[in-house]
Protein chains: 2
Amino acid sequence: MAPAYKLTYFPVEALAEPIRFLFSYGGIEFEDVRFDRENWPQIKPNMPFGQVPILEHNGKVAHQSISMARYMAKKVKLVGSDDWEDLEIDAVVDTVNDLRQKIALYSYETDEAIKESRKEPLFKETIPYYLQRLDAIVKANNGHLAVGKLTWADLYFVALLKYLNYMCGGNDIIANYPNLVALKNTVLEIPAIKAWVEKRPKSEM
Amino acid sequence: MAPAYKLTYFPVEALAEPIRFLFSYGGIEFEDVRFDRENWPQIKPNMPFGQVPILEHNGKVAHQSISMARYMAKKVKLVGSDDWEDLEIDAVVDTVNDLRQKIALYSYETDEAIKESRKEPLFKETIPYYLQRLDAIVKANNGHLAVGKLTWADLYFVALLKYLNYMCGGNDIIANYPNLVALKNTVLEIPAIKAWVEKRPKSEM
């Protein structure tokens, strides 16, 4: 029987990887469709709002990667224990996504002069500003990004890290943040995540 | 007795207004703190990740406006009836937020040449691309943005509209999208929302 879930994305980790981490964590089978970049122009017009990843389930199509991750987190029980805890989790996920977008604004800028002008503020101010605060949150939360225990916020951040580093030119942006490094290790040592990372297709981002 | 919730923001609607709509819809009292812009430099360092709005409740502080809106939506029962419905609601909210960010990238650009270069793509391509699709979604969803009934996605979009229009130079961006106009009217005619809009402090955005 075909898996109940089908995830479609570019042949990379990036925005789909948090969802793949959640499937793996929960031991939920999924069809991991990775299309060739050369086919994107044909695929894009059929995607909701022209974007991927999409998630197909029971004949329905969902979009927006964070929304999908939140849905899967409920299925694999990596959510909070009440509505306020879920608010704390959602807020830190949105904050990590804010950081991702600020990095992307630099990384995907095609005008070299504009890109260069964004480099120093990003690396000297924005990234340290976010990572110092995220590191302090992990320290105050028993090694996690929210509510003192493992949640989908942790998987979201760690799954996205390689993409963040890629956009930053390959630098390990968390190297000087010991609590974030420890969080990365915590997540990557979860047996189901470790097994997924070992078997997943290789990609640069 | 003081209200159980305290919302702090600039003296405008913008990102706080969806949350204020949800409080109003549910008849939940809240302290609506609006600080003077001149005090922002003193306030900013004490805000989580330097941003507002924040929501205070039971001695705790939350940030990230969409996360807060989702929390309040649960309290006032404007959520889906199952996890997949909540995924659909979350996805359309994130999509409206994508549109907001694309508009902001134009509106808040301080380099006039860069701003001018973004104008035509935004108004001729991006905004119509999003609004055509959102209009079709409302048509297909019984007059709503998701799951065929009133949800917090509807309140989120309508509460944000004045801010979107403000960033677009005062144009009514939905004027040519009849299903979105009808949705706006539906939300603004809810008695509790209507009463809030009549009594709220006046602001330009």
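Student: What makes the area between chain B and chain A a buried area, and how much is there?

Tutor: In this predicted model, about 3,100 Å² is buried between chain B and chain A. The word applies because it denotes accessible area that two parts lose on being put together, summed over both. Carbon and sulfur atoms give 59% of the area.

Student: How many residues of each chain are in contact there?

Tutor: The contact involves 36 residues of chain B and 36 residues of chain A. Contact here requires heavy atoms within 4.5 Å.

Student: Why is the pair A:Asp90 and B:Arg70 called a salt bridge?

Tutor: The closest N and O atoms of A:Asp90 and B:Arg70 are 2.8 Å apart. The rule asks for a side-chain nitrogen of Lys or Arg within 4 Å of a carboxyl oxygen of Asp or Glu. The pair therefore counts as a salt bridge. In general, side chains of opposite charge can pair when their charged atoms come close.

Student: What separates A:Glu17 from A:Arg20 in helix α1 of chain A?

Tutor: A:Glu17 and A:Arg20 are three residues apart in that helix, so about one helical turn separates them. They too form a salt bridge, with the closest N and O atoms 2.8 Å apart.

Student: Why are α1(A) and α6(A) called oblique to each other?

Tutor: The axes of α1 (residues 17–26) and α6 (residues 152–167) of chain A come within 8 Å and cross at roughly 125°. Roughly perpendicular covers 65 to 115 degrees, and roughly antiparallel begins over 145. The angle falls between these ranges, and the two helices are therefore oblique. The crossing of α1(A) past α6(A) is right-handed.

Student: Which residues meet where α1(A) touches α6(A)?

Tutor: From α1(A), the residues include A:Glu17, A:Phe21 and A:Tyr25; from α6(A), they include A:Trp152, A:Leu155 and A:Tyr156. The residues of this contact divide into 10 nonpolar, no polar and one charged.

Student: What is the crossing angle of α6(B) and α7(B), and how is it described?

Tutor: The axes of α6 (residues 152–167) and α7 (residues 178–188) of chain B come within 10 Å and cross at roughly 100°. The range for roughly perpendicular is 65 to 115 degrees, so α6(B) is roughly perpendicular to α7(B). The residues of their contact divide into eight nonpolar, no polar and two charged. Among those that meet are B:Asp154 and B:Phe157 in α6(B), and B:Leu180 and B:Lys184 in α7(B).

Student: Where is the cis peptide bond of chain A, and what is its omega?

Tutor: The bond joins A:Val52 and A:Pro53, with omega about 5°. A:Pro53 lies in the loop between α2 (40–43) and β3 (54–57) of chain A. In chain B, a cis peptide bond joins B:Val52 and B:Pro53, and omega is about 5°.

Student: What is the phi of A:Val147, and where is this residue found?

Tutor: A:Val147 has a positive phi of about 50°, although it is not a glycine. A:Val147 belongs to the loop between α5 (112–140) and α6 of chain A.

Methods: Residues numbered from 1 in each chain as written. Chains lettered and ligands numbered in written order. Predicted model: local features only at pLDDT ≥ 70, side-chain atom pairs only at ≥ 80, totals over all residues. Heavy atoms only, no water. Axes fitted to C-alpha atoms, helices over the stretch in contact; angles between N-to-C directions. Helix = DSSP H or I, 4+ residues; strand = E, 2+ residues; numbered from the N terminus. Parallel < 35°, antiparallel > 145°, perpendicular 65-115°, else oblique. Left-handed = near helix turned anticlockwise from the far one by under 90°. Nonpolar A, V, L, I, M, F, W, Y, C, P; charged D, E, K, R; others polar. Buried area = accessible area lost by both parts, 1.4 Å probe.
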